[in-house]
Amino acid sequence: DGKPVSLSPLESQPHSPRYTASSQREHESLEVRVREVEEENRVLRKQLSLAQGRAPAHRHGNHSRTYSMEEGTGDSESLRAGIVAGNSSECGQQPAVEKCETIHVAIVCAGYNASRDVVTLVKSVLFHRRNPLHFHLIADAIAKQILATLFQTWMVPAVRIDFYDADELKSEVSWIPNKHYSGIYGLMKLVLTKTLPSNLERVIVLDTDITFATDIAELWAVFHKFKGQQVLGLVENQSDWYLGNLWKNHRPWPALGRGYNTGVILLLLDKLRKMKWEQMWRLTAERELMSMLSTSLADQDIFNAVIKQNPFLVYQLPCFWNVQLSDHTRSEQCYRDVSDLKVIHWNSPKKLRVKNKHVEFFRNLYLTFLEYDGNLLRRELFGCPSEADVNSENLQKQLSELDEDDLCYEFRRERFTVHRTHLYFLHYEYEPASDNTDVTLVAQLSMDRLQMLEAICKHWEGPISLALYLSDAEAQQFLRYAQGSEVLMSRHNVGYHIVYKEGQFYPVNLLRNVAMKHISTPYMFLSDIDFLPMYGLYEYLRKSVIQLDLANTKKALIVPAFETLRYRLSFPKSKAELLSMLDMGTLFTFRYHVWTKGHAPTNFAKWRTATTPYRVEWEADFEPYVIVRKDCPEYDRRFVGFGWNKVAHIMELDAQEYEFTVLPNAYMIHMPHAPSFDITKFRSNKQYRICLKTLKEEFQQDMSRHYGFAALKYLTAENNS
């Protein structure tokens, strides 16, 4: 693959006592020779590829491939010989896959956690791949929502995704009792011949706990080695499970020898259909269940029972295609060196905590992909045209219309940037309230505000929707933080939506829109992560929603905002206690010292004595925190980082004739923190401030065009302020 030849450690240690001037000359001449050999190899590869391009390709159905000289037999004896000889791939033995041939991969995925696992698997495949990929995802409603959004926003060239409803397939396998932790979804690989398109001839089937250490095209090329009636490519099971000697009275399902592991399967779908695979596995399962009563290892038990009866169906893959890292396996016999590894399978419930002599190496390889920046995998496949994608084309058109010489180009570009988004990063459960009054707290944050989460959860018992702006590595830090927090783990009604970092600005309004879009309640409280709501605010808002008939009126209910400069605050339990702290100087009205206009229209003097809700009018630069119906307008994405991001939204609510109503017994308190990076940029960077002013003016012009005469007041108010 044109990889540089690495010198041994002894040859590359200039401080070694044996390292002389002559050995240095030898070293240099060796390096020159290595470069010459690499250049010769490059020219040779180019000539070979040209020759292959001229040679007629053997076509079969809708897939084309070029055959190698060495076909392989797939029988156990030659495999054992291969393992003894070492697993390293020789160039001449590797069958070639045509340059732009599409590789089909099927994965069964259900639930929140499995969706995270799929992403790591896909990253490892994308990292090594050189071919177009078509993923066939058998997913439940949760996984489909998460993964459809993820791939849509990932925008990886030459990757196609199709979904198949796992819930519709339940009836096909629900009659099989299964003790395995994968549940009913662990049986769905059995029905792929029925589920996948009838014109799809072959597919690689993968478990979600798989990590690739090589190009998946190498595995795809193994299909041409199948002979006769071989229709299943499988690796031998590396544990003693099917030998039946793990404990007293251990009685596994029937299997051929050690049996086969179904974490990686090559399926020849067209031949399986002709063999009536559906009928074959059903009859076998019915017969065995009469005595076994249930499966212990889900689909794997049934695959093995079928193979026991029909050994001619299986092509045995070398075991480096599925190195199984469960306890007490023979996985160490699959490789002599780490370069032999192809696929790592974390098939123990313990996952990364499994016992293995080289587990640290495997764990680091897995963590590399876990934390790898997925944006780097958006690279084009050289020489393989991607299918036309409407979203990509629209994005390119919008970007091409921008002037790159414009000093505010980066600001304008951010509005069109598509950020990879992973919804519901953690498990989420929400039971809708029967009275239709439920309110979701909506906020956004980055890694430096993570410490606020526990406090907010203690203050607000209702549902929460959070958009977190993180890198891939930070997302894993957040996961560990959340899983280590009793407070966060005890709450299942918090939706955590990861928006992955890209570009130089904090896309505050995009984050707000993501959090708003994925609420499950009729109403939402548009807050910020630095604020703690008063105790009991959730129930108070639900009562206010009814009292003020929010369902049938266009209202924005205002929660008055205060702040403290003290990191340790005895949080006021009531309005009376808050007013006392206000008088003592422990609390202030929010931004009283630096930006009075932002909250002045709330009329804090009136609020002190108010016992009923009261209406206030919009004024320039007003940016209160409000409760609105879920159908309210989105935030304007042109505003990024610091400045005008909330002001513009409140202006739009006013333009749409929302009535601003202050709640007399509600409050929230801003907690102190270090200044954000974006406010520092705003204060120190003159160009930043100029661009923000330009964007404000353009927004107001857009408002005038959209809302007509009624919007003129915004221009007037801005000029007077």
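Asp403, Glu404, Asp405 and Glu410 form a patch of negative charge on the surface (patch residues have over 30% relative accessible area and no salt bridge, and like charges are joined within 9 Å; a salt bridge places a side-chain nitrogen of Lys or Arg within 4 Å of a carboxyl oxygen of Asp or Glu). The model is predicted, with local features requiring pLDDT of at least 70 and side-chain atom pairs pLDDT 80 or more, whereas totals for chains, interfaces and linings use all residues. Residues are numbered from 1 along each chain as its sequence is written, and side-chain values use heavy atoms, without hydrogens and water. Asp405 lies in the loop between α12 (390-400) and α13 (409-414) (helices, H or I, of at least four residues and strands, E, of at least two are DSSP runs). With 69% relative accessibility, Asp405 is classed as exposed (exposed, over 50%; buried, under 20%; partly exposed in between; 1.4 Å probe, protein chains only).

Strand β23 (residues 625-629) is largely enclosed by the rest of the structure, because five of its five residues are buried. Strand β17 (residues 523-526) runs antiparallel to β23 and is joined to it by four bridges (pairing requires at least two DSSP bridges). Strand β19 (residues 555-559) also pairs with β23 in the antiparallel sense, over three bridges. Val626 of β23 is the bridge partner of Leu526 and also of Ile558.

A further group of four strands makes up an open sheet with mixed pairing, in the order β18-β25-β20-β21. Its edge strands, β18 (531-533) and β21 (588-589), each pair on one side only. Strand β20 (residues 561-563) is antiparallel to β21, with two bridges between them; Glu563 stands opposite Phe588 in β21.

Technical notes
Patch = residues over 30% accessible without salt bridge, like charges linked within 9 Å, V, L, I, M, F, W, Y side chains within 5 Å. Areas by Shrake-Rupley, 256 points an atom, 1.4 Å probe, with all protein chains shown as cover. Lys, Arg positive; Asp, Glu negative; His and termini not counted. Charge placed at Lys NZ, Arg CZ, Asp CG, Glu CD.
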